[in-house]
Amino acid sequence: MIKNAPLVLRNMMKKKGLIWGPGVYDGISAALANRFDFPILYMTGGGTAASLGLPDLGLATQTEMVDNARKIQALIDKPLIADADTGYGDNINVIRTVHLYEQVGVAGIHIEDQEFPKRCGHLEGKVLIDSKRFAKKIEAATEERWNPDFVIIARVDARAVVSLEEALYRIEIAFDAGADVGFIESPLSVEELKTIINRTKGKPMLYNMATGGKSPSLTVKEIENLGFKFAIWPGATMIPASLAIINALKDLKNKGTDKEQIGKTTLEDFFNFVGLKEWLSKDSKYKIKEKRE
């Protein structure tokens with residue numbers, strides 16, 4: 001587990017370059033992603049809900065989300081940004097949500113302007129709260145955080161519900177309320193992305209590269225060249241893993257064996273994915289060395 005992840009992330013923000021990483025949703029995805037040299041990891045709310053066997057419709061509770069963040073952060077050595085949905089209530093609920101995420105060691109969270117229960121930003125049927133109420137949520141989050149380095153990201157879903165202009169207005173008042181980073185969900189074109197960067201006047205913005213969603217599918221370099229400071233790929237682990245599981249189950253059902261899917265991978269190989277060698281090394285280090293007579 002990384003020490004003082006918020007400060008580490010703040011120091012990243014002072015340097016040039018895109019801060020980016022994949023979405024993770026459970027212990028296996030976190031452990032595997034941590035082996036690659038990503039600057040950050042992102043705990044996806046949709047993935048967390050899916051790990052519970054649920055769609056992203058606000059069904060995962062505050063405590064379930066925070067507990068998942070705790071499990072993930074304990075396995076990684078880089079900053080974790082976590083989805084905090086709507087903050088799970090009004091201003092005082094937002095404050096408690098911030099404190100709970102701070103306690104489990106994550107570097108920052110994003111809070112959105114949807115009514116509760118929320119739904120995935122790339123699904124239809126979202127309902128927004130009043131913009132002034134959203135600004136108060138962000139103000140409460142930033143002023144009441146214990147660690148001033150803890151990063152508060154204001155996520156705005158107004159693009160899909162009202163217009164890009166409304167989304168830009170909400171981002172502006174969120175920054176005025178103290179947000180550290182802005183996040184406009186579901187922009188529809190590269191031209192809209194350029195407008196977002198031009199209108200936010202150099203403030204740090206996050207791009208949600210939700211592959212298969214409403215927004216343009218771009219590479220790391222393309223997103224960086226546009227001027228975004230952060231980018232996340234929420235589906236990078238959960239969707240491929242789910243597709244692989246489906247294919248494996250089809251094989252087992254139809255062929256009566258999983259040999260083709262597993263191939264030459266051994267159980268030891270699999271456990272090495274999640275740290276077998278490292279844990280055995282620790283076990284050996286602290287064993288009592290018995291002297292022979």
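What share of the contacts in the chain with a separation of 6 or more comes from residues 24 or more positions apart? Such residues account for 71% of those contacts. Keep in mind that this is a predicted model.

**The whole chain**

The chain has 14 helices and eight strands. Its radius of gyration is 21 Å, close to the 19 Å that the globule rule gives for 293 residues, so the chain is as compact as a globular protein of that length. Of these 293 residues, 48% count as buried. The accessible surface comes to about 15,300 Å², and carbon and sulfur atoms hold 56% of it.

**Charged pairs**

Side chains of opposite charge can pair when their charged atoms come close. In the whole structure, a search finds 23 salt bridges. Here are some of them:

| Pair | N to O distance |
|---|---|
| D67 and K71 | 3.4 Å |
| K118 and D85 | 3.1 Å |
| D90 and R133 | 4.0 Å |

D67 and K71 are separated by about one helical turn because they lie four residues apart in helix 4. D67 is partly exposed, at 29% relative accessible area, and K71 is partly exposed too, at 43%.

Are K118 and D85 buried or exposed? K118 is buried, with a relative accessible area of 2%, and D85 is buried at 6%.

D90 is partly exposed at 33% relative accessibility, and R133 is partly exposed at 31%.

Finally, salt bridges that share partners join D85, E112, K118, K126, R155, D157 and E185 into one network.

Technical notes: Residues numbered from 1 in each chain as written. Predicted model: local features only at pLDDT ≥ 70, side-chain atom pairs only at ≥ 80, totals over all residues. Heavy atoms only, no water. Helix = DSSP H or I, 4+ residues; strand = E, 2+ residues; numbered from the N terminus. Rg over C-alpha atoms; globule rule 2.2 N^0.38 Å. Buried < 20%, exposed > 50% of the residue type's maximum accessible area, 1.4 Å probe, protein only. Contact = heavy atoms within 4.5 Å. Areas by Shrake-Rupley, 256 points an atom, 1.4 Å probe, with all protein chains shown as cover. Salt bridge = Lys/Arg side-chain N within 4 Å of Asp/Glu carboxyl O.
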